[in-house]
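Here's a quick tour of a protein fold, written for someone just getting started. Have a look at the picture first, then work through the points below.

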Amino acid sequence: MLLLTSAGIVTILFLIWIVLIYMRKSLWDVVHRNLIDLEDHYKGKIIRNGFAARPVFHGKINEHDLTINFSTARSKEGRKTYIDFTLTISSPLSITIAERDWLKEQDSENPNMDSVLFINDDLAYVLLPANNRKVEKIIAKDEFRRVLKKFNNLAYFFVGRSGTICEFWTDKLDKDTEFKVMNERLNQIRMMLGVLE
């Protein structure tokens, strides 16, 4: 009887595992299909290394390399999924624009909140390095605020000598990877890089 009960439990766990794998594969299949539209517009290629693996997009923007991939991290609300944009577009000025609540989650013991830019009551960004004259000049530009307000679900934006990295959090991965949304985000990244020059 004990052997039969154990076999039943193992079978149920195995079936749950199969369902979870199928759900994961289905989600990444949708994302993969969404990324196909980027291939033509950004001279790109989608790489997917396994059955239920996350797709990675490699392309070009004005002869600069573009990579789009996906990551997850723990947060107070559970696991969060991020869409990561990496570009080889560099800048002599290093600046990080981090959403305040996201930054607190990353460094809850010692968050640097010296240079906070409020967009509205619920949304504020921290600019690093703080107390930097070049950064303060950028913050003072109306165009900078206008472009920053266009971003939705921005976790952080970094540009420096090593290139550009930008992450957006998502709770609707299937919708947020559609071409219209992804192309809009890439345009916003380009606009921000233009303001930061």
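A residue counts as buried when its relative accessible area is under 20%, and as exposed when that figure is over 50%, with partly exposed in between. Keep that in mind for helix α6, where Met182, Asn183, Arg185, Leu186, Gln188, Ile189, Met192, Leu193, Val195 and Leu196 are buried. One caution before we go on: this is a predicted model.

**The big picture**

- The protein's secondary structure comes to six helices and nine strands.
- Out of 197 residues, 39% count as buried.
- Take the contacts between residues at least 6 apart in sequence: 55% of them join residues at least 24 apart.
- The protein's accessible surface is about 11,900 Å², and 54% of that belongs to carbon and sulfur atoms.

**The sheet**

- Strands of a sheet pair through backbone hydrogen bonds, and they can do so either parallel or antiparallel.
- Here, nine strands make an open sheet in the order β1-β2-β3-β4-β9-β8-β5-β7-β6, and the pairing is antiparallel.
- Which strands stand at the edges? They are β1 (45-47) and β6, each with a single partner strand, so one side of each has no neighbour in the sheet.
- Going from one strand to the next, the twist averages 20 degrees.
- At the β1 end, that strand pairs with β2 (residues 56-61) over three antiparallel bridges, and Ile47 stands opposite Val56 in β2.

**Strand β7 and its neighbours**

- Why is β7 (residues 124-128) described as largely enclosed by the rest of the structure? Four of its five residues are buried, so the label follows from that count.
- On one pairing, β7 runs antiparallel to β5 (residues 95-99), with four bridges joining them; Ile97 has Leu127 as its bridge partner in β7.
- On another pairing, β7 and β6 (residues 116-118) are antiparallel over three bridges, with Val116 opposite Val126 in β7.
- The link from β6 to β7 is a hairpin through five residues.

- With 18 residues, α6 reaches 26 Å from its first C-alpha to its last, close to the 26 Å expected at 1.5 Å a residue.

**The nonpolar cores**

- The largest nonpolar core has 42 residues, and Phe85, Phe144, Leu148, Phe151 and Phe157 touch the most other members.
- Which helix gives this core its largest share? That's α6 (residues 179-196), with seven residues.
- There's also a second, separate core of seven residues, including Ala98, Trp102, Leu103 and Ala155.
- Leaving out residues up to four places away in sequence, Phe144 touches Ile97, Leu117, Leu127, Ile138, Ile139, Met192, Val195 and Leu196.
- Ile139 sits in helix α3 and is buried, with a relative accessible area of 14%.
- Ile139 and Leu127 are 12 residues apart along the chain, and their C-alpha atoms are separated by 8.6 Å.

- Most residues other than glycine have a negative phi, and most peptide bonds are trans.
- Asn62 has a positive phi, near 50 degrees. You'll find Asn62 in the loop between β2 and β3, where it is exposed at 63% relative accessible area.
- Asn153 also has a positive phi, about 60 degrees, although it is not a glycine. Asn153 lies in the loop between α4 and β8 and, at 25% relative accessibility, counts as partly exposed.
- Leu128 and Pro129 are joined by a cis peptide bond, with omega about 5 degrees. Pro129 belongs to the loop between β7 and α3 (133-140).

Methods. Residues numbered from 1 in each chain as written. Predicted model: local features only at pLDDT ≥ 70, side-chain atom pairs only at ≥ 80, totals over all residues. Heavy atoms only, no water. Core = buried A, V, L, I, M, F, W, Y, C linked by side-chain atoms within 4.5 Å. Buried < 20%, exposed > 50% of the residue type's maximum accessible area, 1.4 Å probe, protein only. Helix = DSSP H or I, 4+ residues; strand = E, 2+ residues; numbered from the N terminus. Contact = heavy atoms within 4.5 Å. Pairing = 2+ DSSP bridges. Axes fitted to C-alpha atoms, helices over the stretch in contact; angles between N-to-C directions. Areas by Shrake-Rupley, 256 points an atom, 1.4 Å probe, with all protein chains shown as cover. Expected span 1.5 Å × (residues − 1).
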